[in-house]
Structure formats: structure tokens, C-alpha cells
Amino acid sequence: MTENLKRSEAHRRAEFLELDGYDIDLDVTEAPSSLTTFGVVSRIALTSSETAETFLDFIGPEVSEVRVDDAVVHFTFDGARIYLEIPAGKHTLEVTARGTYSTSGEGLHRFRDPVDNETYLYTQFEPADARRVYPNFEQPNLKATFTIAITAPQSWVVLSNGAEVSASEAGKNSLGDGVVRHEFATTKRMSTYLTAFIGGPYHEFKDVAEVDGQPIDLGFYCRTSLKDHFDIDDIATVTKQGLGVLPKVFDYPYPWGKYDSVFVPEYNLGAMENPGCVTFSEDAYVFRGQSTRSQRANRANTILHEMSHMWFGDLMTPVWWDDLWLKESFAEFMGAWAMVAATQYSEGWENFAGSRVAWALRNDQYPTTHPIVADIVDLEAADQAFDGITYAKGAAVLRQLVAWVGASDFFAGAAKLFKDRAFANATLHDLLDALGDVSGKDVVSWAKQWLESAGVSTVAVERTPEGVQLRQVGVEPLTGLPITRPHQLKVSGWHIEDGVLNRVASVDVELSETQLVEWEAIGGEGVDLILPNDEALSYIKIAFDERSLQAAMAHEVADPLARSVVSSALWEMVRDGLLSAADFADFVVRSGEGIGSGLLSSRVMNAVAALRTFTPSQNRVESLSSFFDAAATNRASEDADVRLIWTRAVALAGELLVDRDDVVVELLAQTSDQDLRWMLLTARAATGSLGADDLDAELARTGTAADVVAHLEATASLPGASADALAKVLGGGLSNDHVQALINGLRQQLRAGETAAAVGDYFARLEDIWTTHSQEIAERIIYGLYPMSDLDSASPQRNAQVLAADEWLATHEQAPASLRKIILDCRDEHVRRLRAQATRW
């Protein structure tokens, strides 16, 4: 089976093939039954410039017939590719096949709602899983129109990219239920990974957005059992606000007709930008209990991120996955930009600087870091390119670009690109040409420095009699050369006034290697804090001078965005072993009133993670106990968000604290929020303070899909549960959410020895896990079970599991590159933790 399409193979097909349109006929009438497969017919109108032996992509159990211009032709099928000869000229291919319903979130996912036993379907294809549903040429630069028909149970809501144009009765299925064939309007030209197939008894909310005289029909959908929790007012408002601003700033009208938003279960991503039919994770964005403003702001960001893809990614699509950043970096940037420009959630850049940048910095410091414009040789590599570098670093770099060329030229260049490459494909060079034409600046040189190199540098701050000496420090990991990227920085000085750091003055600075900033420009040499990346205009780490560090640790910064920059810089110091987890946790518990819930949540979660993993094992319980007690005290706030964030911290810290169970029990008695109850119950399970019967009773009382997942995690957290949980994970057949829940239980630190004994030789299992599971599930298992052991008497480099990783990497140089990447990154993260544990503070 040859699932892993190579870039060279895709390039070869594009040399002789031009596609006109697909006509897809999908039959899911038996989805409510126990049948595991579905029927599909895929018709493709194309032109071939030569007679060629080639292949279509399809992953499924059966291909029964292939026709070229109505004539049955010979083909071979290996489970992933349909090999055939295509004559030169215009032709129509017709392939009849059967696909398999997915439980991994890849392809056509089938979900049974435990509340009402209803069946729901949705698709998720990026980067290359449309081939799990219909035969196609699975590469982004072979665009075509799509005419889609779906035959499904009569009671279902059925959706696709285009508006429904007809619905006709089509008999009955094996359960005796009536079925209907739904036909949808032909789409504009787009890539296969953007097609969408939705079906089930979804609850529907309808609305209309009026955008410069253009009415856009809006549909919002969720499972029926969640309709009472669906925040239609906020979701619809943000959607309308986005549609009101993005066509204007892009100078291009919304191109896809209707705009549906479908919130689906067991989703692997936050959302997906299918034109006219965007899918969202219900777990992430439908809140059945309490939610913070930060959670709602993150939902708004995701709505706007996906909406910007209607232009960046859907209208104009990268030629191949090397230029994935061309859509994801821009969408990440536009999500925050549009939040500030159009919605009540004006904290978009604060949240970005306070949490999203940390994701970029983590990925960018791994040994497998890559340039923003990555070298993606095949689909396995493409699947792993959806990372913090492509998203958050790319967006941070675009913020730097906007600071350099100016917002008006930036958006004018984007508008030119859309007009030039509408319903077609583009590369980095197309973007640079558009930006260069509009701005008149040398964006090609800028791109080489920022987009075609890897790694992150640090701006070191030194106080001198003449002023502040700024120095860029860092080595490009791929070349070994010093990093001298140009940074447009805002450098500011801050004074402590009434216990708070207030900005005194600031100045714009361009930094490549070194730069002296005169004291007068930032308020004089008496400033308590020097912040060299105020307003988060660039992507760079900060090495504070000692006085600034002490001020930042002891006093809150008045400005919200600068506060996020400082907080992020302190967290990076923890990860670099320059600041102890305990000191960072003390900084976090002193967080002042009025801090946004996004930053507070990020700080608190980082503090818990640092205490659990960066603290030596002999000090861990003491440090966590101190934090736990402070968190319990901080719950007394009158602010509902603050109370909720600190209660969640109590639950997470409590997973390791047997002697704090009485506090957890007290909180449980006060808590009706079911998600929060499961967090507290999981803490009690992890410490062995309750049993399986208690967890079963809680599930019997509730019983929704989210409760089933939470029950699995809590049960797997119990003492003695590791062997059974591991067997279920490795046995296959579970959904993605159920696999993840069991892995979360297996990762409980109090179960580390038990889980290690159950897993045995982790490294000996790797290749079997990789080959017997889909890439999505395999990655979850391999990342989740990596043996992150604590520091022993040996040095970090001599830790037994570090040495085992080294041996596996040395003896498995021919293992799939995507598998090696996981082990390289996990090893690096492990060593980073061990070094922090070994540091004497």
C-alpha cells in the first residue's frame, strides 16, 4: 500500500493533467446501521497532454470498476492507489468504490451520540484524506469544480460546500427508513482537501449577513443534544463581524456563496476552512458548563482564522505543502487582527503574545526545526507541518512585516495576490512579487532572512553609562551561522509607581546585530524595566538585565500587551533553565486583579506544567502543595473567570497530592459544572482516593459523549489501570477522543512506574505502532507514551531513556522521517526537563 504521496510524484502528475470538474455521488444511507462501509462514485473530467501510466488516490477496501469515457478499463488497486493508463486528450474517468467510515477523525468520521443513539457524519481531509472518501488526484494544485450529491436518511440535515439545489426521495435503507438524494450547487475551482460532506440530525440555526449589498446565507449547526449549550448569539455576531470586515480589507468579495459553520464531535483540529461549510470542534467551542472570556475569545479567533482562509488558502491555494505557511501564517495573523478590528474581543494580540508565541518558540528550538517555508517532501511530512512554526511563528513574522512595510501596503499586496491568483495556486514568489510591487521594498531579502531560515534569536539587554546596549544573539540551526535578521522593535522604559510598572517612554529601533539606545529615549537611566519588544512587534526571545528581571518578577506591568510579552519571556526562561519553576509559580500566584483571563490561564497552566515536570522529583510535592494552597486561596476572587481558572489549577495540581484530597472533596461538593467535576474526580482517581465504582456512578448520572471521554480518562488514571488502558489503546478500533483519554490517564505521574512496566520496551514498539495505526492515531500514541522519566543519579545525557532514544535513532536511520521527528523532538523535550531538574537554584 503506497499512501505516502511524494512531492515529486505530485509534480509529475501536474505536468500532464489539467482537471475540469469532479462529480461525486456519495451514498451514506446505511450509516445508522452496523455496516462499516459506504458507496461512492467519482467522475472526473480532465485533459491529459500525453498518454500516461498514472494513478488516482483512494484509501478504501474496494474499487469495483473504472471507466474511461464509458468504457471499462483495466486497473490495479493496492489499497491506496488506483493505477491505470490515461490516453492523451479530454476524457471522463468514472470510478466506483467503497470507503470505510472513520473513527480517527480522518476522512468520513462516524459518531454515535450516547444520549440519543443518533448517528452523525462529517469529513476532515487536510492535508490528504479526501482520498478516504472518493477517488481523486490528491494534491492542492490540481484544482477543479465539484458537483456533489449525497444520499442519506430522510431525517438528516445534509450539507456540502455548495447550496442545496434539489432533494428527491430515493427509497429506503435496510432499517426501513426513507432516504433522500441531495444535490448541491457546483463549486468554484478548489482543491480536493477542501471538499466537505456532512450528515446527521444536526440542529440548525439560520441567519443572513448583509455585506455591501451582498446577502450571505448563514447556517450554524450542532448535535441536537448540545443545542441548549450552543452560544448562537456570540457565534453569529462574530461571524457577521468577520464577514463585514474581511472583504473590505482584502478588496475582494466573499467568493463562496453561503457560509455554514458546523460544530462536530471527536474533531482532531480546532476547525477546518472548507469553503462555504466550515467545521469546528464542539469539544473546544461548545461550552456545556462554565467558560471564561478567554475561551470565548479563542473561539472568536478561530472563527475569524477560518474565515480568512476563504481568501488565504481557498481562493488562492499553495501549489504544494511547502507553502503551507502561505495560508496558515496569514490566517493566524488575520485571526488576531480581525478580533481587534471588528469584535468585542480586542485582546487578540495580547492572547497571541501570551500563549501562541510560546508554541512557536517550543517548536522552533527542537532539533527538527525548519524554516517557515518548509521543505515538504511527502504527505507524511505535510501532516507534521501544521505546527507552531507554520502557524504562530509565521504570524509573528507577518506582524514584523506589517511593522516594516506598513499595514496599507501589506493588505494592498494581499489584495493584488488574490486578484492575480483567484481560484488558482500560488507560491512564496507570487506573494513577494505582489508585496514588492505595492510597497517598493526589497521583500525578497527580507524573506530570505525571515522565511527561509530557521531558529529564534535573543535580544540581550545591557545597561551601560551611554545607554541601553541591545545585542541580537543566536545561531541559525541549519547553517551554524549567527542570526542577524532585521528586527523592527519598540524599546520602552518603565517605572514602578504604586507597585505597578508604568511605561515612561519608548522609541522605535531597528536591530540586526547591536544597537545603542540612548537613555533619554526611554525615560532615563533610572527606569526599573527595559522592555525591548514592546507591542510584540517581532519574533525574538528576551534576556533581561538583572534590574529589569527583578522588577518584572515583583511587579505587574500596567499595559496588557506588554504584560503578555513579559510573561512570555519569563516562561521561556523557565524552559531554558534560567528561572526556577518555583520562582515562576510564585510570580504566577501573585498575578494581580484585572489581568485578562487569557493571560492568567496561560500563566497558571504553565506554572502547573513547570512544577510537574521541571521540578526535581524530591521537591515536587512540596512545590506543588504550596502552589495548590495558593490556588485554593485565589479562588476567593469575585471574578468568575478568576475563580474558574484557579479551580482548574487546583484540580491539575491535585493529581499528585494525596494529602490535599480533603480540599478536592470539598470543591466537588460545591461544583455542579460537569466538566469541572470530572477534572476534580480525575485528581481523586490519580491519587487513589476513590475507585472505579465512584466513577461509574458519575457516568451513569450524566452519560453524554463528553462524560464518556472524561470517564475513560479518570478510569485510566486509577492505580492498577495501566495494563488494561494500554491494551485498549494498542488494540485499535477506538475513536480518536477515546484513545487520547486513555493516553492522558496513562500519563499520570503517580502511575509512571506502573505505565512503564506495562509498556515495557517503548522503543521496540515504535515501528509496529507506526505501521498498524493511521498517522493521526500513531502520533498520539507515540507522543503520549514517550518515557519522560525523572532525573536519576546520572546526568541528563546519561539518563537511561535518553540513552535508549539515542540508540534507537542511531540504529533506525531508515525509519520514516516523520517517526524519527517525533523521537528527536521528544528526546529534546526530555533532556530540557532533566536539565531543569538538575539545576541547583
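## About the model

Because this is a predicted model, local features need pLDDT of at least 70 and side-chain atom pairs count only at pLDDT 80 or more, while totals for chains, interfaces and linings use all residues. Residues are numbered from 1 along each chain as its sequence is written, and side-chain values use heavy atoms, leaving out hydrogens and water.

## A domain from the record

An unreviewed UniProt entry places "domain: Aminopeptidase N-like N-terminal" at residues 88-194. UniProt positions follow the numbering used here, feature names are shortened, and annotations may be inferred rather than shown by experiment. In the model, this span is 50% strand and 0% helix, and its end C-alpha atoms lie 28 Å apart. Helices (H or I, at least four residues) and strands (E, at least two) are DSSP runs, numbered from the N terminus.

## Two buried loop residues

Let's start with R223, found in the loop between β17 (214-222) and α2 (232-250). R223 has a relative accessible area of 3%, so it is buried. Buried means under 20% relative accessible area, exposed over 50%, and partly exposed in between (1.4 Å probe, protein chains only). Leaving aside neighbours within four places in sequence, the contacts of R223 (heavy atoms within 4.5 Å) include F111, D113, Y120, F263, E282 and A705.

Next comes L451, in the loop between α11 (443-450) and β23 (458-464). L451 is buried too, at 2% relative accessibility. Not counting residues up to four places away in sequence, L451 touches W325, P371, I372, V373, V397, L428 and W446.

## Rings that pair up

A pair of aromatic rings is described by the distance of the centres and the angle of the planes. Rings of Phe, Tyr and Trp (its six-membered ring) pair if their centres lie within 6.5 Å; planes under 30 degrees apart count as stacked, over 60 as edge-to-face and the rest as tilted. The structure holds 40 aromatic pairs. One of them joins F230 and F263, edge-to-face, with 5.0 Å centre to centre and 80° between the planes. This pair links distant parts of the chain, 33 residues apart: F230 is in the loop between β17 and α2, and F263 is in strand β18 (residues 259-264). F263 is buried at 0% relative accessibility, and F230 is buried at 7%.

Why is the pair of F386 and Y391 tilted? The ring centres of F386 and Y391 are 6.5 Å apart and their planes are at 50°, so this pair counts as tilted. F386 is partly exposed at 22% relative accessible area, whereas Y391 is buried at 13%.
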